[in-house]
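Hi,

Here is the structure I promised to pass on. Have a look at it first, and then read my notes below.

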Amino acid sequence: MEATDREVIRPPKKPPLILRMMVILLFVMACGVYICSIYSIQISAYKIAELLNIKVMDQQCNATNIKPSEIPYVHYPKPKTYNRGECACNPVRFFAILSLQRTGSGWFETLLNSHINVTSNGEVFSPRERRTNITTIVKTMNEVYRLDWFSSASKNECTAAVGFKWMINQGFYRHRRQILKYFKKRGISSIFLFRKNILRRMISVLANSHDKDARPLNGTHQSHVYSRKEARILAKYKPTINATLLLSELRQEVEETAEAIDFFKRTRHMVLYYEDLINNRTNLNLKEVQEFLRLPYRELSSSQVKIHTAPLSMQIQNWEAVREALEGTPYERFLYEN
């Protein structure tokens, strides 16, 4: 009887295996979510700190006296070939001198380069391989504006303005739409430089072409001279102008230069004429150029000597034919203007 009356105590039933596996899986998932959340918070904190650090670094290079309208034209280039060091936060303006051959652009560029804070790198697109397509053009411009382009104009001082000279018949007009887009995107200021008297430019082009073959200066060709003696030697040559084509050629040049100015007027730009600069070189015009580039004012100088100074009647071989071709036309004034 005692054996049958004794209460039998059974061990509790274990939960099914599937339920235990689900509990373990949920626990692992919860731990995974927790660890991922902690990791993502750390990454976010790192990114925020990094962004804040970049922002602080940029703010260190942002001059407080720059107007909001000027910000698109202020740059802090980072060359690949060297470290700007103490000049790293010196703001730099980008510019391009847009011109034609024999307009005084070489003389004008020497004036700019006489400023201790300006680097103008000459005709970088004179070699054809640099202007074969828009890709090579952009690559070249990027090097110039990154301050990785080295020329005789490169300065040891902190650069405040950097640019180059571009003849509009050196790939410029052909790719003008893409170039305009690049100028606007990069905040590049355009300086147009032309001659009012394009007949004189034509004479200079013909004379320079003759000098390349004749080499009258001790067997060498020089597009620009630095002594009056050399200038007098080169000025002796009197070119013959095709009077039949003269009117149409003058008209074409006037239209092309006007179209270039009109097309690029959507960029920050200024228009200069050689005659105004040569007659007023130490006063208003050069001051305006320095103000345009936001440069500290300096007296600019050049040692180049003007070659053709005589009246046109003494510089053209077939003067009478040229005079007859232009008299009574809108270009008659070119015959007598300096």
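Let's start with the rings. Keep in mind that this is a predicted model. Counting ring pairs whose centres lie within 6.5 Å, you get 14 aromatic pairs. One of them is F263 with F264: the ring centres sit 5.7 Å apart and the planes make an angle of 55°, so this pair counts as tilted. F263 and F264 are both buried. They also belong to a cluster joined up by ring pairs, together with F94, F125, Y145, F164, W166, F172 and F183.

Now for the helices. Helix α4 (residues 134-145) packs against helix α6 (residues 176-186) at an angle of about 25°, and their axes are 11 Å apart. Angles under 35 degrees count as roughly parallel, so α4 is roughly parallel to α6. The crossing of α4 past α6 is right-handed. On the α4 side the contact uses I134, V138, M141, N142 and Y145, while α6 brings Q178, I179, Y182, F183 and R186. Sorted by class, that contact has 7 nonpolar, 2 polar and 1 charged residues.

A243, L246, L247 and L250 of α9 touch A321, V322, A325 and L326 of α12. What classes do the residues of this contact divide into? There are 8 nonpolar, no polar and no charged ones.

Cheers

Terms used
Residues numbered from 1 in each chain as written. Predicted model: local features only at pLDDT ≥ 70, side-chain atom pairs only at ≥ 80, totals over all residues. Heavy atoms only, no water. Axes fitted to C-alpha atoms, helices over the stretch in contact; angles between N-to-C directions. Helix = DSSP H or I, 4+ residues; strand = E, 2+ residues; numbered from the N terminus. Parallel < 35°, antiparallel > 145°, perpendicular 65-115°, else oblique. Left-handed = near helix turned anticlockwise from the far one by under 90°. Contact = heavy atoms within 4.5 Å. Nonpolar A, V, L, I, M, F, W, Y, C, P; charged D, E, K, R; others polar. Phe/Tyr/Trp six-rings, centres within 6.5 Å; stacked < 30°, edge-to-face > 60°. Buried < 20%, exposed > 50% of the residue type's maximum accessible area, 1.4 Å probe, protein only.
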